[in-house]
Amino acid sequence: MGQDKRLPPFTGEKVEVDGVYENEWGAEVHLNRGDTFPSDLMVGQTEWTLTELNIENHHDGRTDPRLVPKANDTDQLGKIDSPRRQMDRGKK
């Protein structure tokens with residue numbers, strides 16, 4: 001019990017979630033909500049699986065300034081400013 005009994009989306013159905021979808025033959029396509037699942041050029045109608053969500057978070061690719069150590073910061077030990085400062089995970 002508790003298993004999802006819904007069938008995966010099929011060619012011709014409406015897309016409910018923005019993201020990257022892959023069919024059973026490995027072809028990937030980016031689809032938006034409201035689009036229609038396409039057919040595969042080689043095999044025709046096929047099932048699609050969501051492999052990656054399209055999350056638009058307006059990220060511009062820069063580190064959050066709150067995470068960058070400052071020269072006058074009193075908590076320098078709490079910041080990781082180089083790869084060698086990462087926490088040790090036990091004896092090696």
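I looked up the largest pocket first, and about 280 Å³ of space lies in it. Of its 13 lining residues, Arg6, Leu7, Pro8, Pro9 and Glu16 are the closest to the centre. My pocket search ran on a 1 Å grid over the protein atoms alone: a pocket is an open set of points where a 1.4 Å probe fits, with protein on both sides within 12 Å along at least five of seven lines, and lining residues have an atom within 4 Å of a point. The volume is the space filled by probe spheres set on the points, which are joined across faces, edges and corners.

I noted that this is a predicted model, in which local features need pLDDT of at least 70 and side-chain atom pairs count only at pLDDT 80 or more, while totals for chains, interfaces and linings use all residues. Residues are numbered from 1 along each chain as its sequence is written, and side-chain values use heavy atoms, with hydrogens and water left out.

I sorted the pocket lining by class and found 8 nonpolar, no polar and 5 charged residues. Here Ala, Val, Leu, Ile, Met, Phe, Trp, Tyr, Cys and Pro are nonpolar, Asp, Glu, Lys and Arg are charged, and the others, Gly among them, are polar.

**Overall**

I counted 0 helices and 3 strands, in the order β-β-β along the sequence. Both are DSSP runs numbered from the N terminus (helices H or I, at least four residues; strands E, at least two). Of the 92 residues, 13% are buried; buried is under 20% relative accessible area, exposed over 50%, and partly exposed in between (1.4 Å probe, protein chains only). Among contacts (heavy atoms within 4.5 Å) with a separation of 6 or more, 42% join residues 24 or more positions apart.

**Core**

I found 5 residues in the largest nonpolar core: Val15, Tyr21, Leu31, Phe37 and Trp48. Such a core is a set of buried Ala, Val, Leu, Ile, Met, Phe, Trp, Tyr and Cys residues joined through side-chain atoms within 4.5 Å. I then listed the contacts of Trp48 beyond four places in sequence, which include the core members Tyr21 and Phe37. Pro8, Pro9 and Phe10 are also among the residues that Trp48 contacts.

Beyond four places in sequence, Asp35 touches Glu13, Lys14 and Val15. Its C-alpha atom is 5.3 Å from that of Val15, 20 residues away along the chain.

Gly44 lies in the loop between β2 (28-31) and β3 (48-53). Gly44 is partly exposed, at 25% relative accessibility. Leaving out residues up to four places away, Gly44 touches Thr11 and Ser39.

I found Glu47 in contact with Pro8, Pro9, Phe10, Glu22, Asn23 and Glu24, neighbours within four places excluded. From Glu47 to Glu22, 25 residues apart along the chain, the C-alpha separation is 8.4 Å.
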